[in-house]
Amino acid sequence: YQRRVRGPLGEGGKMRLATDIAEMERVLTPLNGEGERGAEIYRDLRAFRSVMFMNTEDFVGVRNVGRDLILNHLFSRAGPALLSPYKVAGWTASQYVSWLDSHSTGDAVEMVQGAVQWYEDLVRERGAPNFDPVYPTI
């Protein structure tokens, strides 16, 4: 999870992340039938790996990956002004991952909404002519 929230993520980073996810899937395969949580993690990893290389605008139609996973990943595709939620909160990536692990999807989406609101305010305050290309998808 931590790699996904760090960003920005170029093509090389996507390839490394895809390799890491494939390895995690291999390790988790025996656990796939071992309870609900193991199956959920395995399913999320497989689904996320399948969408990592999609065009940003195509993420709107994705239904097989959790909304919180997609939203946090989109920040890795944004420019430097559109900060990840953990950066807006003044946290490290590790602190954010710990927070995500102990909170609901709804809480994670609210955290993203707070980061987006912060970014909107920043753009308006600076009088910037436009928003980051990733912004409309988020």
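Mentor: The accessible surface of the protein comes to about 8000 Å², and 51% of that area belongs to carbon and sulfur atoms; such areas come from the Shrake-Rupley method with a 1.4 Å probe, and for residues only the protein chains shown count as cover. This is a predicted model, in which local features need pLDDT of at least 70, side-chain atom pairs count only at pLDDT 80 or more, and totals for chains, interfaces and linings use all residues. Residues are numbered from 1 along each chain as its sequence is written, and side-chain values use heavy atoms, with hydrogens and water left out.

Trainee: What share of the residues count as buried?

Mentor: Of the 138 residues, 41% count as buried, meaning under 20% relative accessible area (1.4 Å probe, protein chains only).

Trainee: Why are α6 and α7 called oblique to each other?

Mentor: Helix α6 (residues 93-101) and helix α7 (residues 105-126) pack at an angle of about 140°. Angles under 35 degrees count as roughly parallel, over 145 as roughly antiparallel, 65 to 115 as roughly perpendicular and the rest as oblique. The two helices are therefore oblique to each other.

Trainee: Which residues make the contact of α6 and α7?

Mentor: Y96, W99 and L100 of α6 meet D107, A108, M111 and V112 of α7, where contact means heavy atoms within 4.5 Å.

Trainee: Which residues have the most contacts inside the largest nonpolar core?

Mentor: They are F48, V51, V65, I70 and Y96, in a core of 33 residues. α7 gives the most to this core, with eight residues.

Conventions. Buried means under 20% relative accessible area, exposed over 50%, partly exposed in between (1.4 Å probe, protein chains only). Axes are lines fitted to C-alpha atoms, for helices over the stretch in contact, and angles run from 0 to 180 degrees between N-to-C directions. Helices (H or I, at least four residues) and strands (E, at least two) are DSSP runs, numbered from the N terminus. A nonpolar core is a set of buried Ala, Val, Leu, Ile, Met, Phe, Trp, Tyr and Cys residues joined through side-chain atoms within 4.5 Å.
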